[in-house]
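This report looks at the salt bridges of a predicted model. Have the sequence and the structure open alongside.

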Amino acid sequence: MTDPVPVQERVTTLLQSLTLDEKLSLCAGKSLWKTKPVERLGIRPFRLTDGPRGVGFHSSGKRCTAFPSGIAQAASWDVDLMARFGEALGQECKAVGGGTILGPAINITRTPLNGRTFEYLSEDPYLNSRLVVPIVKAVQAQGVAACVKHFAANNQETNRMRVSAEVSERALQEIYLPAFKAAVEKGDAWSIMAAYNAVNGVPASENADLLKTKLRQEWGFKGFVVTDWFAARSTRDSAACVKGGLSLEMPGRGFRYNTKKLRASYDRGEFSEAELDDNLRGLLYAMVATGHLDPPTHRGARNTRAHQQLAREMAEASITLLKNDGGLLPLTSANIRKIAVIGPKLKKRNCLPLWGGSAGVWPPYEVTPYLGLRQENHHRFEFVAEPEDADVAVLFVGLSHRPGLDSEVKDRRQLELAGEQEQLIRETVAVNPNTVVVLINGSPIA
């Protein structure tokens, strides 16, 4: 990590060297995941890569380690584990050529029906604030900007680009902003992603109260604000985004930050070059701070044995025992011989590109519950097909990463499991009272 004094000096020099047209060109991406270059000054395209639980295949084209989802990370209550996770996440992002990782995702779990509840840490502002800081620091120690998202009050997926979250200032300060504030003030985050939604009637990507007053003036944020992908389409116009404090529109050539639109707005006197500089300074700051403008010093690492072991350790730390009536667990071969393993989640994979949305990761391998049980059995138990023939039945149910369940874009309609899963639980318990129900889901269920 570069010393902050030379970083600011280099940023000032770059801003003075850029022409107005070059500045305008940097405001929107070149493609789905990269910014535009300024070859004259040696500014290469800066790559942004999903996501909050591992590098997304869809944004990198490479298979990378799939770490547990945000809600599982928070279930560990372990700041040291989060620091190790952040270090690994930064290394994996670096290994695919990324300069910014789009995460961590720290929105408050406002409703358990939110499709992205699985992706966020928790419903507790204090816990979120404690866990986000070590993640951000460790990611950025690898020369990768952490892009903390989604700022702010982004609590639903259905109609997410049209809804306005109406929130009192007290609720913002006590519930929805503390973790973002900690990420900036204590973690020195170099990037923030503006949410799809509006806050109190003003789209997040042009919300000066959020992006300028709170982020920059009150919290001292030095980095850049990027839209969520295509979120600028719900804003008023180009000038509103500039004046609101938006640094970068993604993806592609831009909707509001299209160079022609920006130039026309500038020529009409709707914003000044000084206002443009205020927004771009943070993007250049992140480029310098990550070493993007310097020769690479290390290439990162992905899918290492250490990272895969860490993913398992994080998963183990997140497991929560809800009930253990009669001391049924742990299962031992001393008093149990036959086990029936059943259920719709028994052989299902959970990690595929865009599986669940931008948090989807495609790892080089995935151990399903069935494979894991087979590998760990060592002939201690006999697996049988029917619960009534077993000493114990182990039943795997839960939610998938399909829209309307644990997934981006659409919220859930009910707290309950699917009717057929509930029926399967009742039928299994009826024939074998020694039934262990294993829930695999990232959102609460009734």
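Arginine 236 pairs with glutamate 206 in a salt bridge, their closest N and O atoms 2.6 Å apart. Arginine 236 has a relative accessible area of 61%, which makes it exposed. Glutamate 206 is buried, with a relative accessible area of 4%.

How many salt bridges does the structure hold? The count is 23. Three of them are set out here.

| Pair | N to O distance |
|---|---|
| Arginine 236 and glutamate 206 | 2.6 Å |
| Lysine 23 and aspartate 277 | 2.9 Å |
| Aspartate 188 and lysine 222 | 3.0 Å |

Take lysine 23 and aspartate 277, whose side chains meet in a salt bridge. Lysine 23 belongs to helix α2 (residues 20-25) and aspartate 277 to helix α12 (residues 273-289), so parts 254 residues apart in sequence are tied together. Both residues of this pair, lysine 23 and aspartate 277, are buried.

Aspartate 188 and lysine 222 also form a salt bridge. This pair links distant parts of the chain, 34 residues apart. Aspartate 188 is in the loop between α8 (178-185) and β5 (191-194), while lysine 222 is in the loop between α9 (208-218) and β8 (224-227). Lysine 222 is partly exposed, at 29% relative accessible area.

Salt bridges also join into a network. Its members are Asp50, Arg116, Glu119, Lys149, Glu157, Arg160 and Glu408.

Technical notes
Residues are numbered from 1 along each chain as its sequence is written. This is a predicted model: local features need pLDDT of at least 70, side-chain atom pairs count only at pLDDT 80 or more; totals for chains, interfaces and linings use all residues. Side-chain values use heavy atoms; hydrogens and water are left out. A salt bridge is a side-chain nitrogen of Lys or Arg within 4 Å of a carboxyl oxygen of Asp or Glu. Helices (H or I, at least four residues) and strands (E, at least two) are DSSP runs, numbered from the N terminus. Buried means under 20% relative accessible area, exposed over 50%, partly exposed in between (1.4 Å probe, protein chains only).
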